[in-house]
Amino acid sequence: MTGRARFQHASGWVWRWCRGSVLCVGPDGAATQLDGAAALVWAAMEQPATPAELLERAAERWAEAPGASEVLVAGAVDELMRLDMVTVVDAP
Amino acid sequence: MTPPASTTTRSEADGAGRGDRDPIDRVLRDLAGWGLDSTGPIGEVAGETPGLALVERAVEQRLIGVLAVAADAGVIGLHPKAAEAAHDRHRAALLWCLNLEARLLRVVELLDGAQIHPLVLKGPALAHLDEADPSLRTFADIDLLVRATDLDRAVEVLAGFGAGRGPAERRPGFDHRFAKSVTLRFADGVELDLHRSLSDGVHGFRVPLARLFESPGRLPLAGRTLACLSGVHRTLHTAYHLVLGSPAPRLMSLRDLANHLIQRPDPDEVVAEARAWGGEVVLATAVSRAVESLAIDVPRWERWAGSVRPTRREAAIIERQRVEGSGIGRGKIDALRELRSPRDRVAYGWALMAPTAAHLRSRGLRRRDLALAR
């Protein structure tokens, strides 16, 4: 994950907050639940964002969140990419 | 319902009763206004049975999102089993909403491909554009407005995608000339209302439909932007839905309108549009109902609604439409009178009196049943 790459939701995913977790349904209709750092990072990714911006947004909106650290953000992005829920834009 | 003897509410404590005898009704009303202009405590519903009853009623009234979020925020005290039930029901409702939104994206894509460009109505637009958090506003189906000239083709396109229609068309040409909407159902239970207009009857015929498409709103969803009603049109539509949509509207409908009135404290723009729709009395009736029921603080709206003097005829038309809905009754004679063209009047009247055999069969009726009903 490079520092200048910007991440955003892959097209076709709809989602809602539900009691601290994120419920998502993908283009194929399958549902996924994201918890902890993955949920925070997903919500922070509504607009394209670099890892630093994701960290900032997560920390800003959920100051009490335990997931707002660089390592956890990177891990969450990796997890979301593995689930095909993220696209990379403006990669250098 | 179990007698809610152990239920205590803020309304009881401060004497702000608004005609509800059942304490659970009062809690539901407080929930309907919660998070709009007040985020104060609602109180406690002590005991498992009253708590579970509240959850069921909140589901019926489409307030399960507000209840679950309010319970999480600690502004309403619930028995642990009731709190768990509220969150389970909320989660299920949200998953259904997401399923509907995924379908909405696909349906709009298909219609766009056929050069039919719909406007999203109600649930998804209100949830994303008007509520503080879309999780608060759940919905059960999809509503799209299409131009009357596109309605029949839209039904065909969606039939090719597995959507079956409910009752057959009343008479050939009835849908695109006179119907409020055509209901389609998918095999998995998803229901889609394809609207020609925003209301049944007189007021549905009065809506200048072309204006809705001239200045649409924008609904960002899943990386795409869908067209929906503009903010002013959404305000009016919520008012129409509250007054004309059902004899017993859900509290969610009150909340929808109250939210719009609070967010748009100056009535001028909406009132001007209501005049263009021939719907000032509908709007004033809706505003008065929201203010009385939810005790919201919208002084300019209250003053305006208080200044509207409905004629006896207009009040009667609204009342008949409210009670009859899409059923057949005196309100349909009002609607027939509203039509300007003699040709339309004849076609509409004939369709009311003589629906096709296919239409009757699709509704499980026989011609003899109609004669008996008359």
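B:Phe161 has a relative accessible area of 28% and is therefore partly exposed, a class lying between buried (under 20%) and exposed (over 50%), taken with a 1.4 Å probe and protein chains only. This is a predicted model, in which local features need pLDDT of at least 70, side-chain atom pairs count only at pLDDT 80 or more, and totals for chains, interfaces and linings use all residues. Residues are numbered from 1 along each chain as its sequence is written, chains are lettered from A and ligands numbered from 1 in the order in which they are written, and side-chain values use heavy atoms, without hydrogens and water.

**Aromatic pair in chain B**

- B:Phe186 is buried because its relative accessibility is 8%.
- Over all chains there are 11 aromatic pairs, that is, rings of Phe, Tyr and Trp (its six-membered ring) with centres within 6.5 Å.
- B:Phe161 and B:Phe186 form one of these pairs, with 5.7 Å from centre to centre and 75 degrees between the planes, which is edge-to-face; planes over 60 degrees apart receive this label, those under 30 count as stacked and the rest as tilted.
- This pair links distant parts of the chain, as B:Phe161 and B:Phe186 are 25 residues apart.

**Tryptophans of chain A**

- A:Trp13, A:Trp15, A:Trp17 and A:Trp42 are linked by ring pairs into a cluster.
- A:Trp15 and A:Trp17 are both buried.
- The ring centres of A:Trp15 and A:Trp17 are 6.4 Å apart and the planes stand at 75 degrees, so this pair is edge-to-face.

Terms used:
Helix = DSSP H or I, 4+ residues; strand = E, 2+ residues; numbered from the N terminus.
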